[in-house]
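Good morning, and thank you for coming. Please look at the sequence and the structure, and then I shall take you through the pockets.

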Amino acid sequence: MVTGTAGAMTAWQVVTPGPVSSHPLQRVSVPMPQPGPDELLVAVLACGVCRTDLHVTEGDLDVHRPRVIPGHEVVGEVVAVGADAAGGYAPGDRVGVAWLRHTCGRCAYCLRGRENLCPSSRYTGWDADGGYAQFTTVPAAFALRLPSGYSDVELAPLLCAGIIGYRALLRTDLPPGGRLGLYGFGGSAHLTAQVALAQGARVHVMTRGERARELALALGASSVQGSADMPPEPLDAAILFAPVGDLVLPALEALDSGGVLAIAGIHLSDIPVLNYQRHLFQEREVRSVTANTRADARDFLAFADEHRLAVSTPVYGLDRADEALADLSAGRIAGAAVLQV
């Protein structure tokens, strides 16, 4: 178990959001967090490095918590349990801490099973301090039980990259044996591809990185090509993982009649003007993906328990969190980077 000095811990804070080249992330010593009555105190074992962390750090997403500690793909060990914590957790349990950490449970969205749209939702590493640290907290009702057979490092990317990719795949309504296109092939896409392949889909990958293309082929993709190139056959569905609005147009053009494009990111650059006949006619659809529900998380982790996923995880020490984000920004990572604490 990781331990800090008495009452203090090492963490990374977003001091002044801006380009990673301006070093907005600073390593600091801060007091250990204290769990609330309904929370768990968790010693961080590993934390994935997600593109959303980059958006928070660079200011693409508005500041919700000044000097926030990023990180929302946390695998950890329970250290302390609040008096009112749900779920039957005990010290020593291994748990996952993911992006979604609070919903009201009372609004119309929560009541009809769409808690990801709750106006009162809050998020780890954005509204509350996350896992680029030695310790973090999580409301027990939002902690996740983890599948067996994976290391801490392998589990971390499943907690956002995997979950969000799974929800994005659901949003496409991909038919059995369908043709799926993936635009961008990073941490989320390389897991989503394996889910789709296990379900019998043919997967085509459009991405700029040579290492990402090699990984896609190794995992079973039917083809790889440039990020804006046409796939070798019309697509029943596509998912845009790269936060590049320009790619919406070629992705829509690649869809067959009735195809669906799901946009998986929380941030996207502006989309150019669409041509109705070329991009939307024949009942093509564009759907956004907004966070996830706890049901999505449980279903995906159950899938990962039954189907062994190959998780590509370049590993960085906690002391190299800024370097990991810089490598992510520059496209130097194939798969999903992880901080090991």
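Helix α1 supplies 5 residues to the lining of the largest pocket, and that is the largest share. Please keep in mind that this model is predicted.

The largest pocket has a volume of about 1200 Å³. Its lining holds 50 residues, and R51, G186, F241, A242 and P243 are the closest to its centre. Elements that give two or more residues to this lining include α4 (161–172) and α10 (321–329). By type, the lining residues are 27 nonpolar, 15 polar and 8 charged.

I turn now to the second largest pocket, with a volume of about 390 Å³. Among its 25 lining residues, E39, R101, A128, T137 and P139 lie nearest the centre. Here strand β8 (135–139) is one of the elements that supply at least two residues, and its 4 residues make up the largest share. This lining divides into 12 nonpolar, 5 polar and 8 charged residues.

Is H204 buried or exposed? Buried means under 20% relative accessible area, and H204 has 3% relative accessibility, so it counts as buried. Leaving aside residues up to four places away in sequence, H204 touches several others, among them L180, S222, P231 and E233.

Methods:
Residues are numbered from 1 along each chain as its sequence is written. This is a predicted model: local features need pLDDT of at least 70, side-chain atom pairs count only at pLDDT 80 or more; totals for chains, interfaces and linings use all residues. Side-chain values use heavy atoms; hydrogens and water are left out. Buried means under 20% relative accessible area, exposed over 50%, partly exposed in between (1.4 Å probe, protein chains only). Contact means heavy atoms within 4.5 Å. On a 1 Å grid over the protein atoms alone, a cavity is a set of points where a 1.4 Å probe fits but cannot get out, and a pocket is an open set with protein on both sides within 12 Å along at least five of seven lines; lining residues have an atom within 4 Å of a point. Grid points are joined across faces, edges and corners, and a volume is the space filled by probe spheres set on the points. Ala, Val, Leu, Ile, Met, Phe, Trp, Tyr, Cys and Pro count as nonpolar, Asp, Glu, Lys and Arg as charged, and the others, Gly among them, as polar.
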